[in-house]
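Please keep the sequence and the structure in view while reading.

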Amino acid sequence: MVNAMEVRGLTKRYERFSLDAVSFTLPSGCIMGLIGENGAGKSTTIRLLLGLAKRSGGEVRVLGEDPETAEPKFREELGVVMDECPFPESFSCRDVGRVLAAAYRHFEPEEFAKMCESFGLDNKQRINDYSRGMKMKLSIAAALSHGARLLLLDEPTSGLDPVARDELLDILLDFIQDERRSVLISSHILSDLEKACDYITFIHKGRSIFSEEKDLLLDKYVLAKGSEREIAALDPDRVVGVRRGQFGCEALVERGAEGGLVTERAGIEDIMLYYIKGDAE
Amino acid sequence: MKALLIKDLLILKGQSKSLLLVLAVWFVISFINGSGLFFMVLSIIYGMLLPLTTLSIDEKSGVERYMMSAPVTRAELALSRYVLGVIGIAALSALGVAASLVIGDGLREALGGAAACFSIAALLLGVTLPLVYKFGTEKARVISIVVYVVTFLAVGFIASRLGIELDELTGVFFALPLLGLAGLAASVVVSLGIYKKREF
């Protein structure tokens, strides 16, 4: 299987923040969710993958190319959705189409118009008058209208209502029906990613905590419930984090280390929260 | 480059009504005064401000970052504002000459005035764009004003020291656009260096 993205030890140093040796691999035909709290380094990672900022260290291959040195035509195959709609507010859908037609050799105006129409975007209405959901749909239509093989989406679901979020996930699942295509999506709305992603990469304080296949990850951990004493008796090397409540304790533990305690399925959100909490303690 | 210029022209299209209104008011004032110079000076300087207008909207919308994720180079992004500025200054210089002739100025006077204004606008653009690229539109606005004032005061001081009357310079006005374009070329080199290192 060819990899759409290979990231090894990606590092970027700023005065007040560092992205420290982030590594992951995204195989073609898959969706990877990049998760982490606000300020963890998700957007920085995406900027480095696009060559918008220069990395301090590490190796990056996006569709086989180093984004910092690749020819501009390499970006023909990337569809990008930023966290905010990047088009000037005085623009209409038609204006966006004109700019895209001049920028991308393989821009498909009819496909773009069809998508805008199916998203309920008025061709002449100014972006200024769009809701957040409409702006995001316009960004997605732009990203999907020039034959991209790899979509990079930075927090596309934040601010969207559940219906719009569900529609977006359907679009992404439809997009990867062609196995040559792949998606990297960052979000802190983890229920969305749990539905759509094949792989999850978790970044915390600039470091990648894990990058795993989602199903293996969900299979790896369980939530164990018990008294504080029972939880304390578990193998500490296999306990990720503990949450103390009024009526007992709950811990995220590796499957098999629950020691006969009552368990519950752990979701991606649980895993992320316990890792962060464990780190804070 | 084409995509960047189309983006800029579409941004300016949204402001075309106010641009035309301002030009019309300046023309009427010049017409009443019986001299096209007022219209010419203001309109050509206005041409220089066009790329700065689009730049401030670019900054606000984040479209620069988006364009850099498209098949566009850093050099094209830096150069596109120069191209837009020179097109704007040249178009408004031609309009300035036409307006001066309509108002009743002589052809030599109109062409000399346009050449001088074109050069000054080109030089100002050359000074301003690297500042905006380096510091952003807000900070660069203040720095630019200081640079303009110091430059004009210095030129005035040197001219008065040497006993040169501005009228005596009319003859060299026709050579000034070359100076303006040379200044722009030097400015482009600086801007390309800034964009090469820039992070989006």
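The buried residues of α4(A) pack against several elements of chain A, namely β5, α2, α3 (109-118), β6 (150-154) and α5 (162-175). The model is a predicted one, and the points below describe what was computed from it, grouped by topic.

**The helix itself**

- Helix α4 of chain A covers residues 132-143 and is mostly covered, since 10 of its 12 residues are buried.
- The buried residues of α4(A) are M134(A), K135(A), M136(A), K137(A), L138(A), S139(A), I140(A), A141(A), A142(A) and A143(A).
- At 1.5 Å a residue, the 12 residues of α4(A) should span 16 Å, and the end C-alpha atoms of the helix are 17 Å apart, which agrees.

**Two domains in chain A**

- The domain assignment of chain A gives domain 1, with residues 3-205, and domain 2, with residues 217-280.
- Between the C-alpha centres of domain 1 and domain 2 of chain A the distance is 34 Å, and the contact takes nine residues from domain 1 and eight residues from domain 2.
- On the side of domain 1 of chain A that touches domain 2 of chain A, α6 (190-196) and β8 (199-204) of chain A each supply at least two residues, and α6(A) gives the most, with four residues.
- By class, that side of domain 1 of chain A has five nonpolar, two polar and two charged residues.

**The sheet of four strands**

- An open sheet in chain A has four strands in the order β11-β12-β10-β13, with antiparallel pairing.
- Strands β11 (239-245) and β13 (262-265) of chain A stand at the edges, each with a single partner strand, so one side of each is left without a neighbour in the sheet.
- From one strand to the next, the twist of this sheet averages 25°.
- In general, the strands of a sheet pair through backbone hydrogen bonds, in either a parallel or an antiparallel way.

**Pairings within the sheet**

- Strand β11(A) pairs with β12 (residues 248-254) of chain A in the antiparallel sense over six bridges, and R244(A) stands opposite C249(A) in β12(A).
- Two residues lie between β11(A) and β12(A), which form a hairpin.
- Six bridges also join β10(A) to β12(A), and these strands run antiparallel; the bridge partner of Y221(A) in β12(A) is E254(A).
- Strand β10 of chain A, residues 221-226, pairs with β13(A) in the antiparallel sense over four bridges.
- Within β13(A), E264(A) stands opposite L223(A), while R265(A) stands opposite V222(A).
- Strand β10(A) is mostly covered, with five of its six residues buried.

**The contact between chains A and B**

- The contact takes 25 residues from chain A and 21 residues from chain B.
- On the side of chain A that touches chain B, the elements that give two or more residues are β5 (78-81) and α2 (93-103) of chain A, and α2(A) gives the most, with five residues.
- By class, the side of chain A that touches chain B has 15 nonpolar, one polar and nine charged residues.

**Individual residues to look at**

- R13(A) has its place in strand β1 of chain A, residues 3-13, and is exposed, with 12 other C-beta atoms within 10 Å.
- Leaving aside its neighbours within four places in sequence, R13(A) is in contact with S18(A) and S56(A).
- From C-alpha to C-alpha, R13(A) and G57(A) are 8.9 Å apart in space, although 44 residues apart in sequence.
- E155(A) lies in the loop between β6 and α5 of chain A, and its phi is near 50°, a positive value in a residue other than glycine.
- E155(A) is buried, with 21 other C-beta atoms within 10 Å.
- K205(A), in the loop between β8 and β9 (207-213) of chain A, has a positive phi of about 50° although it is not a glycine.
- K205(A) is partly exposed, with 16 other C-beta atoms within 10 Å.

Technical notes. Residues are numbered from 1 along each chain as its sequence is written. Chains are lettered from A and ligands numbered from 1 in the order in which they are written. This is a predicted model: local features need pLDDT of at least 70, side-chain atom pairs count only at pLDDT 80 or more; totals for chains, interfaces and linings use all residues. Two strands pair if DSSP finds at least two bridges between them. Axes are lines fitted to C-alpha atoms, for helices over the stretch in contact, and angles run from 0 to 180 degrees between N-to-C directions. Two residues are in contact if their C-beta atoms, placed from the backbone, lie within 7 Å. Ala, Val, Leu, Ile, Met, Phe, Trp, Tyr, Cys and Pro count as nonpolar, Asp, Glu, Lys and Arg as charged, and the others, Gly among them, as polar. Domain bounds come from an automatic or database domain assignment. The expected span of a helix is 1.5 Å times one less than its number of residues. A residue is buried if 20 or more other C-beta atoms lie within 10 Å of its own, exposed if 12 or fewer, and partly exposed in between; C-beta atoms are placed from the backbone.
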